[in-house]
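Let's walk through this protein chain together, one question at a time. Have the model open while you read.

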Amino acid sequence: MAADNKTFYIEKDTNYALQVEYATNINFDEIKRIAKFFVMQLPEAVQNKIYNELDRGVNIIDSEPQLNMYLHSFGNMHQAKMRQAFSNIGTDWFGNKEIEIIDYGCGQALASMLYHDYLQANGISQTVSRITLIEPSAKALCRAGLHAKAFYPEAEIHTINKLLNDVVPTEISHSGKPVLHLFSNIID
């Protein structure tokens, strides 16, 4: 699939996408549960092979089994680090009633999902009107688009299938609303 500003990457018509779309209480723990279900259906030798393909989570993901394994294997770590990061945001930020998110190297949009959960857990009312997802893996970006749409159904979703160094400023322009910049999955 060619990447350009007009292409919207979103996973559709997969068993995983259907489970996410029809989840009644969408949150990060439910996403991890869905991924774990798929992983646990595989023989242990296949699970180990897929896990090793991730190279401790630093390889670019290029298959659906790797997406599920990543969530299953590293989801808890991301959840803990993002809870900690969000708890260090100044309280003034949460006074912004409407914001935009730019999620750099977003993977499957884990940080964006976890921000939603943080708002919910802390009773914070804040509208996310636009999310820009930047990711070099088309497979992960499609999954990120699915997750972002499920967690923020009213938000405009913008996807960019590029390495971070290839993104030009006009691709991440915003409306002037406050922007939350998420760098949770940038690998040096």
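**Charges, fold and cores**

Q: How far apart do the centres of the positive and negative side chains lie in the chain?
A: Lys and Arg count as positive, Asp and Glu as negative, and His and the chain ends are not counted. Each charge is placed at NZ of Lys, CZ of Arg, CG of Asp or CD of Glu. The chain has 16 positive and 22 negative side chains, and the centres of the two sets lie apart by 2 Å.

Q: What kind of model is this, and what pLDDT do side-chain atom pairs need to count?
A: Residues are numbered from 1 along each chain as its sequence is written, and side-chain values use heavy atoms, with hydrogens and water left out. This is a predicted model in which local features need pLDDT of at least 70, totals for chains, interfaces and linings use all residues, and side-chain atom pairs count only at pLDDT 80 or more.

Q: Which residues touch the most other members of the largest nonpolar core?
A: A nonpolar core is a set of buried Ala, Val, Leu, Ile, Met, Phe, Trp, Tyr and Cys residues joined through side-chain atoms within 4.5 Å; buried means under 20% relative accessible area, exposed over 50%, partly exposed in between (1.4 Å probe, protein chains only). This core has 51 residues, and those touching the most other members are Tyr16, Ile31, Ile101, Tyr115, Ile131, Leu133 and Tyr152.

Q: Which residues does the second, separate core include?
A: This core has six residues. One of them, Ile134, lies in strand S2 and counts as buried at 1% relative accessibility. The members include Tyr104, Ile134, Ile160 and Val167.

Q: Is Ala109, with its positive phi, buried or exposed?
A: Ala109 lies in the loop between S1 and H5. Its phi is about 70°, although it is not a glycine. At 0% relative accessibility, Ala109 counts as buried.

Q: And Asp13, is that residue buried or exposed?
A: Asp13 sits in the segment before H1, and its phi is near 60°, a positive value in a residue other than glycine. With a relative accessible area of 73%, Asp13 is exposed.

Q: Which residues does Tyr118 touch, not counting those up to four places away in sequence?
A: Tyr118 lies in helix H5 and is buried, with a relative accessible area of 16%. Contact means heavy atoms within 4.5 Å. By that cut-off, Tyr118 touches Arg83, Phe86, Ser87, Phe94 and Ile124.

Methods. Helices (H or I, at least four residues) and strands (E, at least two) are DSSP runs, numbered from the N terminus.
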